[in-house]
Amino acid sequence: MIKKFIRKILGVKSRAEAAAAKRKPTVLNAKEHGIDPQLLSSNAIRVTSTLQENGFKAFVVGGAVRDLLLGVKPKDFDIATNATPDQVKRLFRRAFIIGKRFQIVHVMFGQDLLEVTTFRGAAVDSAPKDEHGRVLRDNTFGEQFEDAARRDFTINAMYYDPATQSVLDYHGGIADIRKKTLRIIGVPEERYREDPVRMLRVVRFAAKLQFTIDEATRAPIPVMAPLINNVPTARVFDEMLKLLMSGHAMACLQQLRKAGLHHGLMPLLDVVLEQPMGERFVTLALANTDERIRQGKPVSPGFLFASLLWHQVVEKWNAYKAAGEFAIPALHLAADDVLNKQTDSLALQRKIGSDMRDIWAMQPRFEKRVGKTPYKMLEHPRLRAGYDFLLLRCASGELDAELGEWWTAFMEGDSEQREHLLTVKPKDTGIVKKRPPRRRAPRKPVAE
């Protein structure tokens, strides 16, 4: 009784009271949070209402809520519920349970995919981990407040109920959004050790949202960056794609370098960006990608990675030619070297690697503007990508602009105009002409 009186006077909460407080979210109504219901997906409402009608809790969660609070229409809608994966699957005709590390349900409506996740319980010490502390598998279900604590950042740990138009905020996410601050939930070192990919996500969100990274969240990253090497390369590649196709690619790469995370992800990126021509080329390529994303146009991962790694190819290409190799075989050898190295570190998919190789291999052929070669190029299935790549090379100063202008005229012209272009003597493009054939030296791998 006396202890209770003292706590009341001093405002000190007991452990039980403190724990209970963590379980109670701040609830904001429509007027307080200002979310526009028109920005919601009809299928997201359909999923939450179906689950609620069957006696379950269901909320739009994560990045979708964050975007709604920022007045942006989300690209994807994730749903969190207290229904188990099997219970969710039984309620929808096209629902599929996926995942090993943590089971989730994909609910399909035509081409629209919604991810439905059961509330995750508090992390348990018995969950399988690797020798570095990364959680390998954790299918522990729990309460909503536990699920909120398991999410990565405060701005991604809010829940929106379309039925009541209320937002549930367990970790001060609303305040951090208003302060434009990115803050991890829990002890940063522990959270990064559980899943090192969170360090890449910090960079992506900070660049995309133009938020400041909280000092406690940012400080451990340079020291813990090597842990990313323990993550499966496929996951790292997926995160890199999200980062580069976020619409703020250059800002993301700058954040990567600032945080010390680029080593191993993009080898030699520093070298490329320190060379005037290389920096201009990469900057133009990323600006082009960002603009296409803002306009809602498709972006080719193959084109993007071909651009980022082009100057590594050029360096090795020149080295092979200096060793006595002919230009075309030298280019193929250089492409092999770069792709083999990047496949190991970034798990480049075969289709993406094939597209990159096609784009690179077309470049010398654009310089041959005689006979039937230009007409054969028009039939190439990757012509547009190769041509756009050529224009980037011209815009960066690597090639004379006249070459790009000639190909633009040739591709847009009729048969008579094309024939005329073939008869016009090209201006001096500054391209080094091929030397007379000489005896080929034995092939030797170029030193890294």
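Me: At what angle do helix 13 and helix 17 cross?
Reply: This is a predicted model. In it, the axes of helix 13 (residues 233-244) and helix 17 (residues 301-322) cross at roughly 85° and come within 12 Å. Helix 13 and helix 17 are therefore roughly perpendicular to each other.

Me: Which residues make the contact?
Reply: Helix 13 brings Phe237, Leu241 and Leu244, while helix 17 brings Pro301, Leu304, Phe305 and Leu308.

Me: And how many of those are nonpolar, polar or charged?
Reply: The contact of helix 13 with helix 17 has seven nonpolar residues, with no polar and no charged ones.

Me: Switching topic: where does phenylalanine 389 lie, and is it buried or exposed?
Reply: Phenylalanine 389 lies in helix 21, which covers residues 383-395. Its relative accessible area is 0%, so phenylalanine 389 is buried.

Me: What does phenylalanine 389 touch?
Reply: Leaving out residues up to four places away in sequence, phenylalanine 389 touches Phe281, Phe303, Ala306, Ser307, Trp310, Ile359, Trp360 and Gln363. For that glutamine 363, the C-alpha atom is separated by 8.2 Å from that of phenylalanine 389, with the two residues 26 apart along the chain.

Me: Last one, the strands. In which sense do strand 4 and strand 5 pair?
Reply: Strand 4 (residues 95-98) and strand 5 (residues 104-109) pair in the antiparallel sense, over four bridges. Isoleucine 98 stands opposite isoleucine 104 in strand 5.

Me: What about glycine 99 in that hairpin?
Reply: Glycine 99 takes a positive phi near 100°, and the hairpin has five residues between strand 4 and strand 5.

Note on methods: Residues numbered from 1 in each chain as written. Predicted model: local features only at pLDDT ≥ 70, side-chain atom pairs only at ≥ 80, totals over all residues. Heavy atoms only, no water. Axes fitted to C-alpha atoms, helices over the stretch in contact; angles between N-to-C directions. Helix = DSSP H or I, 4+ residues; strand = E, 2+ residues; numbered from the N terminus. Parallel < 35°, antiparallel > 145°, perpendicular 65-115°, else oblique. Contact = heavy atoms within 4.5 Å. Nonpolar A, V, L, I, M, F, W, Y, C, P; charged D, E, K, R; others polar. Buried < 20%, exposed > 50% of the residue type's maximum accessible area, 1.4 Å probe, protein only. Pairing = 2+ DSSP bridges.
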